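Please consult the sequence and the coordinates alongside the text.

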Amino acid sequence: MAALITFTPISPASYLPLSLRKLPSFNPIQCLGTPQEDIQISSNGHVATSFPEKSVFTRPATSSPPPRPRRIILVRHGQSEGNVDESVYTRVADPKIALTEKGKTEAEECGWRIREMIEKDGAADWKVYFYVSPYKRTLQTLQHLGRAFERSRIAGMREEPRIREQDFGNFQDREKMRVDKALRLRYGRFFYRFPNGESAADVYDRITGFRETLRADIDIGRFQPPGERSPNMNLIIVSHGLALRVFLMRWYKWTVDQFERLNNMGNGNIIVMEKGYGGRDLN
């Protein structure tokens, strides 16, 4: 059967401290980790080794294949400084643009919402595994999102450059960017290549490579070593608006015309890809 895609909107952030915020249906004893269990970001903006990846286990030819993940969850980063003020791109390198305080709140609430969804499955052995873009805003999103999960629930993470933001060139000239974006609408959003940057078609090529890696990881059970295999694994991909649209296009073999009709989901929002009826793989 065909896989299901669930578009899950995230409600507006309340801006109250989490200690004062009432989040319905969450169990604080189960959900709340300790500060020591946060996903840590080092001073150079990279994810620290709080959750080292599992070793890749080669499956003997005679053994059964590992179970497919229960779902793949796509997360767009929280609100960034560039989302609020586009002039930031003229003085800060795109990979170094950080989240706003609102964006951090969006990311944390996104984590709680994901956990609530997973716990509704009623499975005791569920876990999550993260793929994350190396940009600062996505790493910070993962850091805050990860607070909803204690360490025992996190199977691992991988920093994946191929799911980074579309490259618009280096430091951007604000007026020139306005002209380029207008030209993109005339030329076609998928094929227009920004000067010294990328087109969505270029992003498609590297997302294709990531997709093949992801499928290989699923096939060999990269995040499910022998003795710990479970059908209740949830893969979470923390990335950017266009990259996630291209990922969906590549995974479901959508056409260029279908891509042209898509728009980015909101900051801190998620798209859930689930197995179809009968437990068939996401394909």
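**Aromatic cluster and ring pairs**

Tyr129, Tyr131, Phe210, Phe223, Phe247 and Trp251 are joined by ring pairs into a cluster; rings of Phe, Tyr and Trp (its six-membered ring) pair if their centres lie within 6.5 Å, and planes under 30 degrees apart count as stacked, over 60 as edge-to-face and the rest as tilted. The model is predicted: local features need pLDDT of at least 70, side-chain atom pairs count only at pLDDT 80 or more, and totals for chains, interfaces and linings use all residues. Residues are numbered from 1 along each chain as its sequence is written, and side-chain values use heavy atoms, with hydrogens and water left out.

The charged end of Arg211 sits 5.7 Å from the ring centre of Trp251, and that of Arg215 sits over the ring of Trp251 at 5.3 Å from its centre. A charge sits over a ring if NZ of Lys or CZ of Arg is within 6 Å of the ring centre and within 35 degrees of the ring normal.

Across the whole structure, the search finds 14 aromatic pairs. One of them is formed by Phe168 and Phe194, whose ring centres lie 4.8 Å apart with the planes at 80 degrees, so the pair is edge-to-face. This pair links distant parts of the chain, 26 residues apart: Phe168 belongs to the loop between β4 and α5, and Phe194 to the loop between α5 and α6. The rings of Tyr252 and Trp254 have centres 5.9 Å apart and planes at 25 degrees, so this pair is stacked.

| Residue | Relative accessible area | Class |
|---|---|---|
| Phe168 | 18% | buried |
| Phe194 | 1% | buried |
| Tyr252 | 15% | buried |
| Trp254 | 24% | partly exposed |

Helices (H or I, at least four residues) and strands (E, at least two) are DSSP runs, numbered from the N terminus. Strand β3 spans residues 127-132, and five of its six residues are buried, so β3 is largely enclosed by the rest of the structure. Two strands pair if DSSP finds at least two bridges between them. β3 pairs in the parallel sense with β5 (residues 233-239) over six bridges, and with β4 (residues 154-159), also in the parallel sense, over five bridges.

Individual bridges place the residues of these strands. In β4, Val128 is partnered by Ile154 and Val132 by Glu159. β4 is itself mostly covered, with five of its six residues buried.

β3, helix α4 (residues 136-145) and β4 together make a right-handed β-α-β unit. A crossover is right-handed if, with the strands pointing away from the viewer, the path from the first strand over the helix to the second runs clockwise.

**Loop residues**

The loop between α5 (174-187) and α6 (200-220) contains Ser199. Ser199 counts as buried at 1% relative accessibility. Apart from neighbours within four places in sequence, Ser199 is in contact (heavy atoms within 4.5 Å) with Gln166, Phe190, Phe191, Tyr192 and Arg193.

Asn196 lies in the loop between α5 and α6 and is exposed, with a relative accessible area of 72%. Although not a glycine, Asn196 has a positive phi of about 65 degrees. Lys253, in the loop between α7 (241-252) and α8 (256-260), likewise has a positive phi of about 60 degrees without being a glycine. At 60% relative accessibility, Lys253 counts as exposed.

**The chain as a whole**

The chain has eight helices and six strands, in the order β-α-β-α-α-β-α-β-α-α-β-α-α-β from the N terminus on. Of its 283 residues, 52% are buried. Among contacts between residues at least 6 apart in sequence, 79% join residues at least 24 apart.

pLDDT is the predictor's confidence in each residue, from 0 to 100. The chain has a mean pLDDT of 82, and 75% of its residues reach 70 or more. Over residues 6-37 the pLDDT is below 50, and this stretch has 50 contacts in the model beyond near neighbours in sequence. Residues 42-57 also stay under 50, with 41 contacts beyond four places in sequence.

Terms used: Buried < 20%, exposed > 50% of the residue type's maximum accessible area, 1.4 Å probe, protein only.
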